[in-house]
Amino acid sequence: MTDKLTSTRFDPFERSTGLRFTNRGLLQEALTHRSFVNEHDDPDTVDNERLEFLGDSVLGFITADMLYRRFPDVGEGDLTRLRSSLVRTESLAELAQTCEIGPTLRMGRGEEASGGRERITNLCGAFEAVVGALYIDQGLDAVRGFVMPLLERQLAVVLAEQLDKDARSLLQEWSQATHNQTPQYRTVSETGPDHEKTFTVEVLVGEQSLGSGQGRSKQSAAQAAARNAYANVRAAQQ
């Protein structure tokens, strides 16, 4: 049974995602935290934990299938690590925020007062529950249409992060093998207002500057510098 608010309360979520549930009761269940059930003595009010269980499996399958087809030459271990990065709690919580799930969740007053709408476990669980509800409502193809664009964007982020880590690791391996030294990262400038700073970081081995990079944080600038430095090292070796 859906409550009297169901006809309007989930409209922002459906507009944000483009989803239209045939059975809106499933959507209501997917977006109902157990704290809401605990505060309402209504046998027809159900929390989203069973749908979360189902959605977790559906999402895992779709992610594995996407990676298997996308990377035909990648081994099981690397595929497993990529899948884990895409469906980890933090990643799914980010997707939930993209879908405006937090403001739409039905939850108890105590849970909401303690920051429940921003809690990553709540967001992740609700996102998985929405996937489970959509699977029941419209089938696997509809779930693919919903999650694939989100997973594609998340995959690009994961691969970029992996590239950053690889560049720093490769640069360190080269530096230690060639110079018996570890690269040092030095912030050379900070520009812009406090809320919108741009950092420039330089990579040095001893006194030699190998490259530099910019970013909105010192970490992202250092990662950009590592990519630039390693590209310079590779070019000098050719």
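Two strands count as paired if DSSP finds at least two bridges between them. The legends below describe a predicted model.

**Figure 1. Strands β2 and β3 pair side by side.** Strand β2 and strand β3 (residues 208–215) are joined by seven bridges and pair in the antiparallel sense. One place to look is Val201, whose bridge partner in β3 is Gly213.

**Figure 2. Strand β1 pairs with strand β2.** Strand β1 (residues 184–191) runs antiparallel to β2, and seven bridges join them. Thr191 stands opposite Thr198 of β2. β1 and β2 also form a hairpin, here with six residues between the strands. Gly192 lies in this turn and has a positive phi of about 95°.

Figure 3. How many of the eight residues of strand β2 (residues 198–205) are buried? Seven of them are, so the strand is largely enclosed by the rest of the structure. Buried here means under 20% relative accessible area. In a regular strand, side chains alternate between the two faces of the sheet.

**Figure 4. Helices α5 and α10 cross.** Two packed helices are described by the angle between their axes and the distance between the axes. The axes of helix α5 (residues 49–70) and helix α10 (residues 120–138) come within 6 Å and cross at roughly 80°. Angles of 65 to 115 degrees count as roughly perpendicular, and α5 and α10 are therefore roughly perpendicular to each other. Residues of α5 in the contact include Leu51, Leu54, Val58 and Leu59. Among those of α10 are Phe127, Val131, Tyr135 and Ile136. The residues of this contact divide into 10 nonpolar, three polar and three charged.

**Figure 5. Helix α7 and the residue that follows.** Which residues of helix α7 (residues 89–98) are buried? They are Ser91, Leu92, Ala93, Leu95 and Ala96. Just after α7 comes Glu100, with a positive phi of about 60°.

**Figure 6. The whole protein, for orientation.** The protein has 12 helices and three strands. Its radius of gyration is 23 Å, well over the 18 Å that the globule rule gives for 238 residues, so the protein is more spread out than a compact globule. The C-alpha trace spans about 70 × 45 × 25 Å along its principal axes. Of the 238 residues, 41% are buried. Among contacts between residues at least 6 apart in sequence, 52% join residues at least 24 apart.

Definitions and conventions
Residues are numbered from 1 along each chain as its sequence is written. Side-chain values use heavy atoms; hydrogens and water are left out. Buried means under 20% relative accessible area, exposed over 50%, partly exposed in between (1.4 Å probe, protein chains only). Helices (H or I, at least four residues) and strands (E, at least two) are DSSP runs, numbered from the N terminus. Axes are lines fitted to C-alpha atoms, for helices over the stretch in contact, and angles run from 0 to 180 degrees between N-to-C directions. Angles under 35 degrees count as roughly parallel, over 145 as roughly antiparallel, 65 to 115 as roughly perpendicular and the rest as oblique. Contact means heavy atoms within 4.5 Å. Ala, Val, Leu, Ile, Met, Phe, Trp, Tyr, Cys and Pro count as nonpolar, Asp, Glu, Lys and Arg as charged, and the others, Gly among them, as polar. The radius of gyration is taken over C-alpha atoms; the globule rule is 2.2 Å times the number of residues to the power 0.38.
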